[in-house]
Amino acid sequence: MLGALLTAGCTSTNQVAAPVDAGVETVVFTTSADRVTVVDVATALLVHHDFTITLANERLGLLQTDYASVGQVEAMRPDTGRSHIALNDLYMRLTVNSEGRDGIQLVQIKGNFQRMAGGRAPDRLIGLYWMEQLSSDMARALDADYVARVSDEIYDQALANASLPTPNDGKREQVYRGLKALGIVGAILFAATLAASSFSPSSSR
């Protein structure tokens, strides 16, 4: 069954133009909240920012989203005043992992970034800025602190260096379908990994 799903996902991906990999970033903070609370807070925050949750496991402290446009994330935060054309074709998928260590939860958030159109932009830096905005909100809701690495000044400079073509709505829709197919395959692989770890000998100790 898993093989069939993977084949279907890969077939769909091959039928459309592939997005451009824009890198991966990871942020970490600690909280005294329990694992279930971390997943619940992360879910509520990300759904509010128009992410679709593709996988959630409170027992394991894991959460994964589908790809969402950084532009729509910014649009859900109208007080920022930091909209830019470079955000519209940049997409990110987030994975949240909460692991208990010495009585606290170590929360790791990984962002995968993809660009759907041509042009030049420091996508990894731009994506990290918005990922850190969400991480700061998440930490605050969990009575924790997260100190961002990308300041407003660095972000503004990154946007000033962006050089992008005029958006092509038809191409964007085609590549978005490919991105959704990649998200489906990623969720299936992630679920398979969880299933394998749940039934491994070490998981019963």
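**Group meeting: core and aromatic cluster**

Let me start with one residue. Phenylalanine 29 is in contact (heavy atoms within 4.5 Å) with Gln105, Leu106, Val107, Ile109, Ser135, Met138, Ala139, Leu142, Ala144, Asp145 and Tyr146, leaving aside its neighbours within four places in sequence.

Some ground rules. This is a predicted model, where local features need pLDDT of at least 70 and side-chain atom pairs count only at pLDDT 80 or more, while totals for chains, interfaces and linings use all residues. Residues are numbered from 1 along each chain as its sequence is written, and side-chain values use heavy atoms, with hydrogens and water left out.

Now the overall layout. The protein has 7 helices and 6 strands. Those are DSSP runs numbered from the N terminus: helices are H or I with at least four residues, strands are E with at least two. From the N terminus on, the order is α-β-α-β-β-β-α-α-β-β-α-α-α. Take contacts between residues at least 6 apart in sequence: 70% of them join residues at least 24 apart.

On burial: 43% of the 205 residues are buried. Buried means under 20% relative accessible area, exposed means over 50%, and partly exposed is in between, with a 1.4 Å probe and protein chains only.

Next, the core. In soluble globular proteins, nonpolar side chains tend to be buried together. A nonpolar core here is a set of buried Ala, Val, Leu, Ile, Met, Phe, Trp, Tyr and Cys residues joined through side-chain atoms within 4.5 Å. The largest one has 39 residues, and Phe29, Met92, Ile109, Ile126 and Met138 touch the most other members. Elements that each supply at least two residues include strand 1 (20-31), strand 5 (90-101), strand 6 (104-115) and helix 5 (123-141). Helix 5 gives the most, with 8 residues.

Which residues form the aromatic cluster? They are Tyr129, Trp130 and Tyr155. Rings of Phe, Tyr and Trp (its six-membered ring) pair if their centres lie within 6.5 Å; planes under 30 degrees apart are stacked, over 60 edge-to-face, the rest tilted. The structure holds 3 aromatic pairs. In one of them, the rings of tyrosine 129 and tryptophan 130 have centres 5.2 Å apart and planes at 90°, so the pair is edge-to-face. Tryptophan 130 is buried, at 0% relative accessible area. Its ring also pairs with tyrosine 155: centres 5.8 Å apart, planes at 90°, so again edge-to-face. This pair links distant parts of the chain, with tryptophan 130 in helix 5 and tyrosine 155 in helix 6, 25 residues apart.
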